[in-house]
Structure formats: structure tokens, C-alpha cells
Amino acid sequence: MAFFLTRRFSSSFAAAKSPLAVLRKKTGFPIGKCREALSLHAENLEDAEKWLLEQAQREGWAKSEQLRGRATKQGHIGVLLENRKAALVEVNCETDFVAKNEIFKGLVSTITESLFKYEDRSNAETVAHFFPLTAQVISGLTTASGERMSNLITKTVGQLSENIFISRGYLVTSNSGLLSSFVYNSTRSSGGQVEMGRYASIAHLETKSDDLVAMQKLGRQVCQQIVGNNPVLSVDGHDNLLEALKSQSWLLDPSMTVNDVLSNSKVSVTDFVRCECGENET
């Protein structure tokens, strides 16, 4: 019996490490397509993967045309923040099933990281600059390996067979103060640094406090407030979103307003952005 169990375990381990299993896990293509790729290239993993990606490129262009116009209310908003720079991008797909797929999450992570490296050429002299970028601009960016973003999206469409597109993006920079972010129910791609979810916000705070830890905590709470109690929907007669935010009841203590909390901490919010996945889909 022990010999049988050992043989069975060894066989299972070998199957998990087979070229077919490795190619399937690495590319996400159907097992039949992976088997075809290996067969055509004498079991050479590198050549088989290259062929699959070329196939995805060709099939992706065709599928992109076929799928164009289909509703894309699912997806993720990716956020990457380091020191005084942040990037936010919304990438949409058709189903929640694909949104949870590691290939799609990897795409969101790659796009967000590429946007983060984009140089803001607006030369704004403001303390914090929230620079919106169109889908066309973001699609023209390149990955770390030099691949055009639009080509990467097309290949992903070929792999996942769903309409996928970039909805919007923001590059945020500041020369003083503190940038904070919050992503509701955040997830990450395997080994990635980009947070992603269906709701996200970035805010810029000015403060004279030296307690960085306390300010970072407050900044995150402010971003939670923005996500949870959308100032756009709660203007209460205010025509200024910052004033609308400050007039709201503080979610963590409804006996206080946001303005009370900020005043007590000697902090001001200079600007913010809030995004909800699919909210711009018509």
C-alpha cells in the first residue's frame, strides 16, 4: 500500500510539472490549445508560449471587433501609491468571473504600473495635481518590456474572450503634504504591488503635524469616507465637492462632521478623486 501511494504521489507531482501543466498555468489558455502548441513545437515550452501569444494577438483583434459594444460593468480599479505620487486606472470587463481571473488582474496591475511611470508634462505649479488621462493616452503607453498597452489588451481579449477596455485613469503628484488612498475589499495579482477593487479613492492632505503615522491613518480614513459616503451624491446644496465632503457626518463617529475631524487634527483636504467600477457605463 505504501508503495502504491508513493507511486501515485510521484505520478501526480510529475503531471503537475509536465510541460502541458506549466504552459497551461503560465498562459491561461485552454488545455487543448496548449497541447496543440506543444505538439507543433516538439514540446519546447518557450516556442509553444510564443506561438500561443501570437495566436492570441491575431484572435484578439478579431474578437475585439466582435465583442465591441458589449456591456462591461465589471472589472477593477487599480491603485499604486508611493510617497508623493499615485496612479489610478479603471479597467473593465464583462463578467465578475473574468475580473477574478489572474490574467485579468495581472493586466490591471501592468496598466497601473505603466501609468505610474508616466511623466506628467502639465508643469502644474499646484501643491497637488490630479491629472486625468484618457483611455487613448493610457492605451498608447508601453509596458516595462516595451510592449504597447493596446497590444497587451488585445492579447488578453484573445485569451479571455471578453470585451476589455480602459475606462479612465488619473496620475496624482504632490510637492508637499500627504497622499492617501483606499481600495474597498482590495485584492492584488500574484506578487503584485497594485491594489485593486470596485471602489477606490485618492486624497491629498496638507498638515503641519510631524506625526506621520497618525496622519497616514487619518488620510486612509478620509479616503474611506469618500468611498463610503460619495460626496458627489451627497452635495446637500454645495456646488463644491470639498465643501460637500466636509459637511458630511464622519462615518466613524456620526456625532462629528468631517470638518470637525479635520479641524481638530489641523489638517485640510485640498483635492480628491473617487471612482466606482462601471459607473460610467451607459
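**A walk through the chain**

Helices H6 and H8 are roughly antiparallel to each other, since their axes cross at roughly 175° and an angle over 145 degrees counts as roughly antiparallel. This is a predicted model. The two axes come within 11 Å. H6 covers residues 102-116, and H8 covers residues 149-160.

Look next at the side of each helix that faces the other. From H6 come Ile103, Phe104, Leu107, Thr110, Ile111 and Ser114. They meet Met149, Leu152, Ile153, Thr156, Gln159 and Leu160 in H8. By type, the residues of this contact divide into 8 nonpolar and 4 polar, with no charged ones.

Now step back to the whole chain. It has 282 residues, and 41% of them count as buried. It holds 11 helices and 10 strands. Take the contacts between residues at least 6 apart in sequence: 66% of them join residues at least 24 apart. The chain exposes about 15200 Å². Carbon and sulfur atoms supply 51% of that area.

Further along the chain is a sheet. Strands of a sheet pair through backbone hydrogen bonds, either parallel or antiparallel. Here 3 strands form an open sheet, in the order S5-S7-S10, and the pairing is antiparallel. The edge strands are S5 (178-183) and S10 (267-276), and each pairs on one side only. From one strand to the next, the twist averages 15°.

S7 spans residues 199-207, and its antiparallel pairing with S5 runs over 6 bridges. Phenylalanine 182 stands opposite serine 201 in S7.

H9 takes in residues 212-228, and valine 222 is one of them.

Is valine 222 buried or exposed? Its relative accessibility is 1%, so valine 222 counts as buried; the cut-off for buried is under 20%. Which residues does valine 222 touch, leaving aside its neighbours within four places in sequence? The contacts are Trp250, Leu262 and Val269. Valine 222 and serine 181 are 41 residues apart in sequence. From C-alpha to C-alpha, the two are 8.7 Å apart in space.

How values were computed:
Residues numbered from 1 in each chain as written. Predicted model: local features only at pLDDT ≥ 70, side-chain atom pairs only at ≥ 80, totals over all residues. Heavy atoms only, no water. Axes fitted to C-alpha atoms, helices over the stretch in contact; angles between N-to-C directions. Helix = DSSP H or I, 4+ residues; strand = E, 2+ residues; numbered from the N terminus. Parallel < 35°, antiparallel > 145°, perpendicular 65-115°, else oblique. Contact = heavy atoms within 4.5 Å. Nonpolar A, V, L, I, M, F, W, Y, C, P; charged D, E, K, R; others polar. Buried < 20%, exposed > 50% of the residue type's maximum accessible area, 1.4 Å probe, protein only. Pairing = 2+ DSSP bridges. Areas by Shrake-Rupley, 256 points an atom, 1.4 Å probe, with all protein chains shown as cover.
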